[in-house]
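This report covers a sheet with its neighbouring helix, and then a ligand site. The sequence and structure come next.

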Amino acid sequence: MNPVNAIELIDITKTFGGIPANNKVCLQVRWGEILALLGENGSGKTTLMNILAGIYFPDSGKVLVNGSEVTILSPKDAYDLGIGMIHQHFKLVDNMTAAENIILGLKGKGRLDMKAISAKVREIGEKYGFSINPDKKIYDMSVSEKQTVEIIKVLYRGARILILDEPTAVLTTQETDRLFQVLKNMRDDGKSIIIITHKLQEVLAVSDRVAVLRKGEYVGTVDTRDATAQSLTEMMVGRAVSLNIERPEPVNPVPRLVVKSITSYNDEGYKILDNVSFTAYGGEILGIAGISGCGQKELLEGIAGIYPVTPDSSIEYYPDDSGKPTELVGKRPMQIRKLGVALSFVPEDRLGMGLVGSMDITDNMMLRSYLKGKLGFTDRKPPRKL
Ligand SMILES: Nc1ncnc2c1ncn2[C@@H]1O[C@H](COP(=O)(O)OP(=O)(O)O)[C@@H](O)[C@H]1O
Ligand SMILES: [Mg+2]
């Protein structure tokens with residue numbers, strides 16, 4: 001093994017508007033290892049890796065790549081140092097092929113030889129165990145295929161240090177297993193891999209070492225073979241936690257929301273929800289599982305009355321144990337509320353859809369009550385009191 005570290009971060013600090021996202025963070029990543037970067041949401045993982053990828057520049061601290069101090073001012077600087085990051089949100093051009101996306105932005109001499117490029121893409125795929133069709137358009141690809149394109153894109157540019165930001169969030173279990181095999185093949189080839197995640201089982205399954213961040217601070221790094229889900233959780237949250245959740249039976253559950261064969265089509269006429277039925281009881285928490293993009297969002301928005309469902313779908317709301325149900329399908333959110341249905345919807349993209357980030361809490365709360373005001377003025381007192 002190469003005795004020099006692939007990456008060494010010393011006392012990296014990065015603040016946003018005076019608040020530190022990373023506070024004097026230190027990190028060492030070796031050649032030929034998979035390092036998991038673990039931490040709760042908001043602990044500063046993405047910020048730290050964006051510094052390596054040339055997206056952010058640290059306020060202070062040192063970055064060493066292969067033993068030498070470097071200054072990374074742009075993603076191009078990062079590429080030139082052999083660092084490639086696969087971001088949580090892919091940056092691909094939909095109506096271009098895999099191969100075209102992979103070479104996008106690269107300087108070539110004279111005409112592009114697409115045949116040679118496709119051959120090289122295939123070769124990279126075979127070397128590490130990906131399956132990829134270089135001529136396939138991005139819009140025809142599954143999320144997992146798109147991710148493969150992103151990974152090959154950085155390998156094509158000669159990355160020897162790969163950073164993956166929550167790569168499994170969008171994958172099925174089988175796709176995750178396949179990705180992990182690819183990562184192990186790359187590691188065995190001497191590359192250095194950093195995988196950001198907050199899923200303990202994945203950390204234990206794929207990494208050689210684990211570095212933990214908590215509230216922007218570096219907690220420590222341990223060998224994965226010495227770690228357990230329990231020990232990692234304690235490092236993450238900073239205190240002993242019980243992973244055995246107590247789960248008492250719900251008391252007197254009564255049907256509250258009876259969803260019967262909800263069907264829904266999107267703008268392009270594709271079926272998004274196909275005959276979904278379930279009953280949610282008062283006094284219980286109902287979980288809906290599935291990977292991102294499988295209709296959960298549309299299902300919840302459909303119940304909230306902001307996503308269209310077919311007229312033969314039915315959503316019955318039972319106000320109390322004896323009451324008659326109210327049919328919610330076909331009603332707008334305002335009508336639903338007027339009927340006295342106490343239904344609240346917290347959208348998944350809270351900043352994009354639920355709140356206006358540039359307004360304060362009072363103003364955000366008033367967004368829903370603006371119709372109640374008289375003479376075009378609204379009363380700020382009741383929302384303030386809350
Ligand atoms: N561009 C930004 N502007 C302002 N605050 C940010 C920005 N990026 C991240 N933060 C803040 O920095 C902290 C760390 O965020 P992040 O690095 O995304 O955490 P993680 O990836 O571990 O979930 C959070 O409090 C987040 O709100
Ligand atoms: Mg993140």
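## Helix across the sheet

Helix H9 (residues 296-303) lies across strand S11 (254-265), S12 and S13, and runs at about 60° to S12. Helices (H or I, at least four residues) and strands (E, at least two) are DSSP runs numbered from the N terminus. The angle is taken between N-to-C directions, on a scale from 0 to 180 degrees, using lines fitted to C-alpha atoms, for helices over the stretch in contact; contact means heavy atoms within 4.5 Å.

The model is predicted: local features need pLDDT of at least 70 and side-chain atom pairs pLDDT 80 or more, while totals for chains, interfaces and linings use all residues. Residues are numbered from 1 along each chain as written, chains are lettered from A and ligands numbered from 1 in written order, and side-chain values use heavy atoms, without hydrogens and water.

## The sheet

S12, S11, S13 and S14 form, in that order, an open antiparallel sheet of four strands. Pairing requires at least two DSSP bridges. Strand S13 (residues 314-317) pairs with S14 over two bridges, and Tyr-317 has Thr-326 in S14 as its bridge partner.

## Ligand 1

The residues around ligand 1 (a heavy atom within 4 Å) include Phe-16, Glu-40, Lys-45 and Tyr-56. Helix H1 (residues 45-52) supplies the largest share of this shell, three residues.

Oxygen atoms of ligand 1 lie 2.7 Å from a polar backbone atom of Gly-42, 3.0 Å from a backbone N or O atom of Gly-44 and 2.6 Å from a polar side-chain atom of Thr-47. The protein buries 58% of the 560 Å² that ligand 1 exposes when taken alone (Shrake-Rupley method, 1.4 Å probe).

Key
Polar contact = N/O pair within 3.5 Å; in protein donor to acceptor, adjacent residues only side chain to side chain.
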